[in-house]
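Grab a pencil and work through these exercises with the picture open. Try each task before you read its solution.

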Amino acid sequence: MELHAVVDIDAKLPDGTVLCCPGEVRHLTYLEGQDYPTRLGVVLVPLPDTDLEPIHRFIQARRTDRSQSFRRS
């Protein structure tokens, strides 16, 4: 895996929706001695006909959950 590699994202979101679109690798994290990344950051590069509403709902729900968690702390 290399920086700026184009990868296919096929992800099942928590609401059951499947998101499929290309992405570009922007950062990689390796553990010492590992041949493969343990973590990578990807920027979605959706095609014009990709429905992004499911990922927008997921991001908003995640922000709400985190915000509520911080308030309780």
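Two strands pair if DSSP finds at least two bridges between them. Strands (E, at least two residues) and helices (H or I, at least four) are DSSP runs, numbered from the N terminus. You're looking at a predicted model, where local features need pLDDT of at least 70, side-chain atom pairs count only at pLDDT 80 or more, and totals for chains, interfaces and linings use all residues. Residues are numbered from 1 along each chain as its sequence is written, and side-chain values use heavy atoms, with hydrogens and water left out.

**Exercise 1.** Work out how β2 pairs with β3 and with β1.

*Solution.* Start with β2 (residues 18–29): six bridges join this strand to β3, and the two run antiparallel. Among the partners, T29 goes with R39 of β3, and E24 goes with V43 of β3. Now turn to β1, which pairs with β2 over seven bridges, again in the antiparallel sense. There, I9 has C21 of β2 as its bridge partner.

**Exercise 2.** Find the strand order, then say which strands stand at the edges.

**Exercise 3.** Is D49 buried or exposed?

*Solution.* First locate D49: this residue sits in the loop between β3 and α1 (53–72). Next, check its relative accessible area, which is 68%. Buried means under 20%, exposed over 50%, and partly exposed in between (1.4 Å probe, protein chains only). So D49 is exposed.
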